[in-house]
Amino acid sequence: MGRRRRSCTGYGPLVLRDYSGMVIRARGVEKRYGDKRVLRGVGFDLARDGFLLVTGPNGSGKTTLLRLCAGLAIPTAGELDVTPERGRIGYLAHESLVYRELTALENLDLYGRLYRVAERRERIGMLLERFGLWDARHERADSYSRGMLQRLALCRALLHDPELLVLDEPYSGLDEEGALLLDRELDERRPSSAFVVATHDPARIELFATSKLALA
Amino acid sequence: MMYLADVGALARKDLRLELRARDTLPAMLLFVLSTLVVFHFVLPGDSSELAAKGLLWVAIVFTALLGLSRAFAAEREQGVIDGLVLAPSDRSAIWLGKALSVLAFLALAEVVALPAFALFFGGIGGPMIAGIVLADIGIASVGTLLAAMAAASRARELLLPLLFLPLAIPIIVGGVGASVTSDPARYLGFLGLYDALFAIICWASFEYVVTE
């Protein structure tokens, strides 16, 4: 699997450097939108089984950093090497990233096709069961509550069994049962996946974290 | 084959969304019919066929613009475009799937509009229909790329017409020319060339439009 290097010059060719099993290596990453500098001098390493907890106040650039890690944006300056191909990254955003006019099943089926998920139907069924959405699988997403939408978004992010999970406020909107389900999922996946998680409630997942990054 | 399967899945999804939400096609139908009715009463009785056909092309372009302004609405509302962009499939499949659905909506609007035009203003010839088909392909190709660019902007309602209308001028020239001249082949060839050129440009450049 080729390593992607995102630098200020954009996507470069395959880079044959060994970062000793690192999934992400960031050095002096900066991101600007016009004149506004959103991120400045961010650096960290994330191992294959690493769990990076990103904290910081509103506007500190947490979401921007996560978008950079997911490959949805390119740094303005600095170096950001992300090993997994984009199809091996699971991204949970503030928004659900699902079509509101489609049912949960239709949404996951579309993503399953696009993400080349093997045994798609079985995998979708298993996730919907696990996150308590099986009975609502034929309901349109626009009839879902905020918590159900977050569960569906988690199903979508986990559908293709990603190597790197980039989660932006994953507990947002979840009730205690949903939060416990997510705790269990994170715990089960920890040995096989790397995580970058941004949250305002670090106490909940501090236990999982192998490293922390506080943005100012 | 996987590429075509992705394109098919994305285009089918758009058609399904429209069947459920019904927020684009009915607006396009209402707009094109209303425009033709207005033109029918505005044009003097002794107007030339050229004027009527020119107005049909105005109606087609602005109806397409209406559809294009909604093309990425569903993706924008819930940030779905990020999920699609992260998929391992070629990103141009997103453009092609969306262009096919835009083409389908435009064709459906014209299936209603052309008989109405024939009723109000007179006959429609084969070259004119061929011109409309070729123009639709160009409109869908260019319009989908520009709609994706505009969707990322706050001023999307303003930006899309500003970007699209100048690029639609050659389509109107070719379409009107194919509709009114005795030698339409030249204009149809021009439209075909426009389609091929811009389809390749849009296909190749879509990836850069959806990455920050």
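Reader: Let's start with the two chains. How many residues of chain B are in contact with chain A, and how many of chain A with chain B?
Author: Chain B has 22 residues in contact with 26 residues of chain A. Keep in mind that this is a predicted model.

Reader: Okay, and which elements of chain B give two or more residues to the side that touches chain A?
Author: There are three of them: helix H1 (2-21), helix H4 (73-77) and helix H5 (80-86) of chain B. H1(B) gives the most to that side of chain B, with 7 residues.

Reader: How do the residues on that side of chain B divide into nonpolar, polar and charged?
Author: The side of chain B that touches chain A has 10 nonpolar, 5 polar and 7 charged residues.

Reader: Staying in chain B, how do H2 and H3 pack?
Author: Helix H2 (residues 25-42) of chain B packs on helix H3 (residues 49-69) of chain B at an angle of about 155°, and their axes are 9 Å apart. Angles over 145 degrees count as roughly antiparallel, so H2(B) and H3(B) are roughly antiparallel to each other.

Reader: Is that crossing left-handed or right-handed?
Author: H2(B) and H3(B) have a right-handed crossing.

Reader: Which residues meet there?
Author: From H2(B) come B:Ala27, B:Met28, B:Phe31, B:Val32, B:Thr35, B:Leu36 and B:Phe39, and from H3(B) come B:Leu55, B:Ala59, B:Thr63, B:Leu66 and B:Gly67. By class, this contact of H2(B) with H3(B) has 9 nonpolar and 3 polar residues, with no charged ones.

Reader: Over to chain A. What domains does the assignment give?
Author: The domain assignment of chain A gives domain 1 (4-86) and domain 2 (88-204). The C-alpha centres of those two domains of chain A lie 23 Å apart.

Reader: You mentioned S5. What's the order of the strands in the open sheet?
Author: In chain A, 5 strands form an open sheet in the order S7-S8-S9-S5-S10, with parallel pairing. Strand S7 (89-92) and strand S10 (211-214) of chain A are at the edges with a single partner strand each, so one side of each has no neighbour in the sheet. From one strand to the next, the twist averages 10°.

Reader: And how many bridges join S5 to S10?
Author: Strand S5 (residues 51-55) of chain A is joined to S10(A) by 4 bridges, and the two run parallel. For example, A:Leu52 has A:Ser211 in S10(A) as its bridge partner.

Reader: Which helix packs on the sheet?
Author: Helix H4 (residues 146-158) of chain A does, touching S7 and strand S8 (164-168) of chain A. The direction of H4(A) makes about 165° with that of S7(A).

Reader: Last one: at what angle do H2 and H3 of chain A pack?
Author: Helix H2 (residues 104-114) of chain A and helix H3 (residues 120-130) of chain A pack at about 135°, with their axes 10 Å apart. That makes H2(A) oblique to H3(A). Their crossing is right-handed.

Reader: Which residues meet in that pair?
Author: A:Ala104, A:Leu105, A:Leu108, A:Asp109 and A:Gly112 in H2(A) meet A:Arg120, A:Arg123, A:Ile124 and A:Leu128 in H3(A). The contact of H2(A) with H3(A) has 5 nonpolar, 1 polar and 3 charged residues.

Technical notes. Residues are numbered from 1 along each chain as its sequence is written. Chains are lettered from A and ligands numbered from 1 in the order in which they are written. This is a predicted model: local features need pLDDT of at least 70, side-chain atom pairs count only at pLDDT 80 or more; totals for chains, interfaces and linings use all residues. Axes are lines fitted to C-alpha atoms, for helices over the stretch in contact, and angles run from 0 to 180 degrees between N-to-C directions. Angles under 35 degrees count as roughly parallel, over 145 as roughly antiparallel, 65 to 115 as roughly perpendicular and the rest as oblique. A crossing is left-handed if the near helix is turned anticlockwise from the far one by less than a right angle, and right-handed if clockwise. Two residues are in contact if their C-beta atoms, placed from the backbone, lie within 7 Å. Ala, Val, Leu, Ile, Met, Phe, Trp, Tyr, Cys and Pro count as nonpolar, Asp, Glu, Lys and Arg as charged, and the others, Gly among them, as polar. Two strands pair if DSSP finds at least two bridges between them. Domain bounds come from an automatic or database domain assignment.
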